[in-house]
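Hi there,

Here is the model I promised to pass on to you.

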There are 4 protein chains.
Amino acid sequence: MTAITANPNPIPTPTAPAPDIVRCASMELVVTDLAASRAFYVDVLGLHVTEEDDEAIYLRSFEEFIHHNLILRKGPVAAVAAFSYRVRTPEDVDKAEAWFQELGCRTERRRDGFVKGLGDSVRVQDPLGFPYEFFYEVEHVERLHMRYDLYSAGELVRLDHFNQVTPDVPRGRGYLEDLGFRVTEDIKDDQGVTYAAWMHRKGTVHDTALTGGAGPRMHHVAFSTHEKHNIIQICDKLGALRMSDHIERGPGRHGVSNAFYLYITDPDGHRIEIYTQDYWTGDPDNPTITWDVHDNQRRDWWGNPVVPSWYTEASFVLDLDGNVVETVERTDSSEMEVTIGADGFSYTRADDEDGTYRGQASKGFKIGNQL
Amino acid sequence: MTAITANPNPIPTPTAPAPDIVRCASMELVVTDLAASRAFYVDVLGLHVTEEDDEAIYLRSFEEFIHHNLILRKGPVAAVAAFSYRVRTPEDVDKAEAWFQELGCRTERRRDGFVKGLGDSVRVQDPLGFPYEFFYEVEHVERLHMRYDLYSAGELVRLDHFNQVTPDVPRGRGYLEDLGFRVTEDIKDDQGVTYAAWMHRKGTVHDTALTGGAGPRMHHVAFSTHEKHNIIQICDKLGALRMSDHIERGPGRHGVSNAFYLYITDPDGHRIEIYTQDYWTGDPDNPTITWDVHDNQRRDWWGNPVVPSWYTEASFVLDLDGNVVETVERTDSSEMEVTIGADGFSYTRADDEDGTYRGQASKGFKIGNQL
Amino acid sequence: MTAITANPNPIPTPTAPAPDIVRCASMELVVTDLAASRAFYVDVLGLHVTEEDDEAIYLRSFEEFIHHNLILRKGPVAAVAAFSYRVRTPEDVDKAEAWFQELGCRTERRRDGFVKGLGDSVRVQDPLGFPYEFFYEVEHVERLHMRYDLYSAGELVRLDHFNQVTPDVPRGRGYLEDLGFRVTEDIKDDQGVTYAAWMHRKGTVHDTALTGGAGPRMHHVAFSTHEKHNIIQICDKLGALRMSDHIERGPGRHGVSNAFYLYITDPDGHRIEIYTQDYWTGDPDNPTITWDVHDNQRRDWWGNPVVPSWYTEASFVLDLDGNVVETVERTDSSEMEVTIGADGFSYTRADDEDGTYRGQASKGFKIGNQL
Amino acid sequence: MTAITANPNPIPTPTAPAPDIVRCASMELVVTDLAASRAFYVDVLGLHVTEEDDEAIYLRSFEEFIHHNLILRKGPVAAVAAFSYRVRTPEDVDKAEAWFQELGCRTERRRDGFVKGLGDSVRVQDPLGFPYEFFYEVEHVERLHMRYDLYSAGELVRLDHFNQVTPDVPRGRGYLEDLGFRVTEDIKDDQGVTYAAWMHRKGTVHDTALTGGAGPRMHHVAFSTHEKHNIIQICDKLGALRMSDHIERGPGRHGVSNAFYLYITDPDGHRIEIYTQDYWTGDPDNPTITWDVHDNQRRDWWGNPVVPSWYTEASFVLDLDGNVVETVERTDSSEMEVTIGADGFSYTRADDEDGTYRGQASKGFKIGNQL
């Protein structure tokens, strides 16, 4: 393991102009058993293979027109090799390189790309320790968006967002805002602690989010479906295959983001979210929504409990040499601890008469139904 | 409280012909705050009022053409006053009366009906202690099935079934089979214990089901929707009203019945299931499906945990004088105890190598994710 | 071609008891190109093959547990060889045989069945000229109803109904009511002409319907889906395959039956309806709904026009020797003529002020939008 | 009526920088009977009233957070008073004013806005004769996006796009590309004629589209729903209200845009599209899709016919004095004439053997089914 380069806190704002990021565009996942992962992503989830060999499989969702939005690469340790963003122009790759170099981050530029289907790209180990990639040049492939002859009942149509675990959310948020992201929603408490933040480039609730915890780790990568029944079908299919233990949490309706969601885990434990129907955030003055960490509907609008593994488990990330990046613990309060179990409390209605809220055990908190 | 009349075990088969039951048709619920219940069933769930006064509200679902399929009646104790079944002919009411009299059950016949909208009816306290009602004569009202101007996003379209808690499931099952019900699915273990059974008249998975536990109690009454998104909307609406603590379990896909489901509780704690898309069972040789009680997908096809309250809570029932019927404890194994917590075990795949199944803790059981 | 045996009008009611019919259960279609039909029903529509050889393919829908509900049999002329109904007991096959023999119909009994998967069966050429089949004994096969790993986006789940073209609807209706069917809806005019009637055994709007026109012909056979989006997907897939000319009419919402529908044609021109969400009709006093033939929402609730081919085209039927049955023209008014074109009129609101209704051209009739 | 100011052809590209347009944001409709329009948009379609008086009603869809996205204003002639776009900064209003002034267009600036809820705005009569408006300052109102207690079964969630009729599509397209719009799809023939073009700012298929025909006229304004069933419900409700003659075309799946659609008409004949599920177009190199005007799946992916009124009818637009702008006829070929009726032809499969395509009447064109 390699440690994250010590970074100043807060991370300074570079003087160089930030690249114009269009959207989160692809993730490169390292998996330990390529055949098992192929079975999961292709046979179960129905992603479409653009090309593959013994080392890697390039996949894309139904509406994608660039070469891939998910790469499965065989490796010794399950981890994330790259969070890839598309930028608006070829020059934005230069800007990204300069911007991160000014921050003292290690960068690596490859004019022919790091992976098939992408051209000139820069990879950086960002100030939070994550392997970020920026590219403009792509190989166009057939966009399948009207190939309804290939449309499965649980079809994944777009890569929607990443979610990253980092110990200090405000620090990461400031850096990403400098990079051009805009915060749409966050979770805080009345002590001023921030537990998570969602931020976007493409006009949806997020292109990436920061979740407070030991990091850098990848919490999940999300694909969207057209409608809610598509997500239900994925659950039904996992049940039919006797793989229901791959369903970690959901389906449900998020409070944050308003999306209908499901979390599942792949054969290596990488978490995938299936997601649909958030809302437009592209206006310059889009209102930021702040949720109280004790609001029991913030993570699930229906008040269904968040399973502890969802808080504790996440995937390692790799540095530019392919080594696992050592994680740093969170020192702020843990969302899990302040909301679940003996020390935690939550409320359904903040002002409920017989709920004590600040003194624990508010009416309507459903965890009491659990043994 | 009154005790159930001591009944022989097993309950003998009457020599009189059983009435020809068409379907479960209505439930009469006693509620303690009529205004609060009206707000729940009419304003939140959108059932349609046929008529109402200070004592009772008569409600019907979107596709019902008889006067009502749910009555809310004001009373001192929340309970169920009647499980009402429609029979095929006026003479079948006579048959029902004679059939239960032969069993030594108390019966009461009212030529003008016990409630508005129904004519000649007989009520009985059945051998399991439940207040059953049988009627043929009804007042027809406007069937709203094409009144899409009144169709809400979470519209309830039909009364689908009852679910009753009784200590000895095989005993109750034998009696109901004599009464003409046919079993479609059940839950057993390899020791021969039956935990629950589903049985029908109308060609769906059930008109009523028996759940093992202290009884007689009413576990739930179920209304169906057209599609799955209608059920999701009910959850979303409860969230918007900050009533998410009324969502007890789900939504999910049942193993048993194959239906998409949700359990919610009304202001008195009466449990309502919202249910859609089981399957046709009306063939004479419809195969009965038996589920292993340790199969973690039997109650939820996606393996999501059953909350303990779902096993332990249920509504009292009334005798023909309106007194609460005393309950009798179950002596057979409890489904909750054999599947949840320290003494319980479940499996996702019965033959999993590293699951020990008979020696506990099979791979894939998700309860381990709970704190 | 063979002519229909001359039958008395009206058809007399047999003194023998009618068989107890459970439901419409299967259709045997003769197709001229077995490979082309297989491509359509299996590759495009996704029906499941139970077994097949060079002469015939036995198909079933997702929730069927008997051997098949559609047979494709290779033959020289596209036609229907059997409308098959399941009866409640083995003795009901005897009853069916006797009942039709009393009517003077030709019958043929085969103790080992006419087709694979079915046992003791009787086939008759009924008084309207149709090849009806009745059976009880079946081979059970895997019911796929929870095999969501096989569930396609446009999955067909049940055989819902047949639709038959016959010249004299009231005559056919009387005969089928004697056979135990109950009418749920019909289309009439104020001159007393009946244009069509829907009748059921299984508690839905129909197991079969009679449409007025030259007959005996098969108008369509209908399969149901779970939800409306499944039907839309079938359209989308036909578009993607550049087979949109197989979409004849719809999708739309029926007035009659209240179902969401689509009509498509197979490679031989046999018409298939895809159908979902009618309503429960199994009560003994289920109200019959009569629609005015001039009500422009009767066939499509949204007032979208019925294409002429839908009125004029239908499939031939075979007699028990496999010869095409000669058709007899309708002598009553034609629904197409009284509602479409120069001589037809329709209304959206019967009492519209500026619609002249009885004197033609009522406001709101959309055909005026067509060139 | 006033004539459009004579404009050069092609319209020159201004040297001033174009404003940065975020999205189409609102339309101001003049209606002749405010109560009738309110009944249609509020009671039938369920748009939410932000505020209203005797002269105007300000409406917004479920997910909108600015004051309104549709204004109904009482007036003597049904017409469109403004196509309003939101720009990214206050300075972009200045840029819009200067940009159109350089083109010689009449402009009017109001620091307090032309309508309630909007601040500093500029209105212009654009080179095509349309009343365009640009604004940044808005009053924020409650975003209802999680108010599922207000969510109707056919809920409209966003304003999606405008559609404008103009005689010379390439001329208009060039001007709008200069203004910053990007073309996603168009319809052409092999003679080089352009029949329509779709162009966007916000990353969907369009913020506005140009349809060839006598103009300037407004073809339609489109609102989106979450799912397809929401659109079906709107049809079902119009049927229940006996307003099915307000359904002009659809529902269907577009070829162009890939969206599921419905066209309805309001009491004044203004056309509203209900629209859902197009695809992401925000990448800088998003591929433009060109459809052949003879492809019978271009306007409806299922090959269902376009009704002539859809081609011929559209709403007038007003100049800045509130006078109707005189329309200019199209001189290029008409899409309706080249595809419908005696002179038109279309194909389902361009290379069909027995279709003659270039010599007319290709196999698979469904208009032959029409009388």
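Let me start with a definition: a salt bridge here is a side-chain nitrogen of Lys or Arg within 4 Å of a carboxyl oxygen of Asp or Glu. With that rule, eight salt bridges are found across the interface of chain B and chain C. One of them joins B:Arg86 and C:Asp285, whose closest N and O atoms are 2.6 Å apart.

Some housekeeping before the rest. This is a predicted model, in which local features need pLDDT of at least 70 and side-chain atom pairs count only at pLDDT 80 or more, while totals for chains, interfaces and linings use all residues. Residues are numbered from 1 along each chain as its sequence is written, chains are lettered from A and ligands numbered from 1 in the order in which they are written, and side-chain values use heavy atoms, with hydrogens and water left out.

**Chains B and C**

How many residues of chain B are in contact with chain C? There are 37 of them, and they touch 37 residues of chain C, where contact means heavy atoms within 4.5 Å. The size of an interface is often given as the accessible area lost when the parts come together. For chain B and chain C this buried area is about 3,300 Å², with carbon and sulfur atoms giving 52%; the value is the accessible area (1.4 Å probe) that two parts lose on being put together, summed over both. On the chain B side, B:Met146, B:Glu227 and B:Trp280 supply 20% of the area buried against chain C, more than any other three residues.

The interface of chain B and chain C also has 22 residue pairs in polar contact, both residues being at pLDDT 80 or more. A polar contact is a pair of N or O atoms within 3.5 Å; within protein, one must be able to donate a hydrogen and the other to accept it, and residues adjacent in sequence count only if both atoms are side-chain atoms. Strand 1 (21-31), strand 5 (79-87) and strand 17 (289-292) of chain B each supply at least two residues of the side that touches chain C. Helices (H or I, at least four residues) and strands (E, at least two) are DSSP runs, numbered from the N terminus. By class, that side of chain B has 15 nonpolar, nine polar and 13 charged residues. Here Ala, Val, Leu, Ile, Met, Phe, Trp, Tyr, Cys and Pro count as nonpolar, Asp, Glu, Lys and Arg as charged, and the others, Gly among them, as polar.

Copies are superposed by least squares on the C-alpha atoms of residues with pLDDT of at least 70 in both.

**Chains D and A**

Chain D is superposed on chain A by a rotation of 180° with 0.0 Å of shift along its axis (RMSD 0.0 Å). That is the relation of a two-fold axis. D:Glu227 comes closest to this axis among the residues of chain D, at 3.1 Å for its C-alpha.

Between chain D and chain A, about 3,300 Å² is buried, 52% of it on carbon and sulfur atoms. In chain D, the residues that lose the most area to chain A are D:Met146, D:Glu227 and D:Trp280, together 20% of what that side buries. The count of salt bridges between chain D and chain A is eight, including one from D:Lys228 to A:Glu227 with the closest N and O atoms 3.1 Å apart.

**Backbone details**

Most residues other than glycine have a negative phi, and most peptide bonds are trans. Which peptide bond of chain A is cis? The bond from A:Gly250 to A:Pro251 is, with omega near 5°, and A:Pro251 lies in strand 14 (residues 247-253). In chain C, a cis peptide bond joins C:Gly215 and C:Pro216, with omega about 10°. C:Pro216 sits in the loop between strand 12 (208-212) and strand 13 (217-224). A:Ser257 has a positive phi, near 85°, and is placed in the loop between strand 14 and strand 15 (260-265) of chain A.

Best wishes
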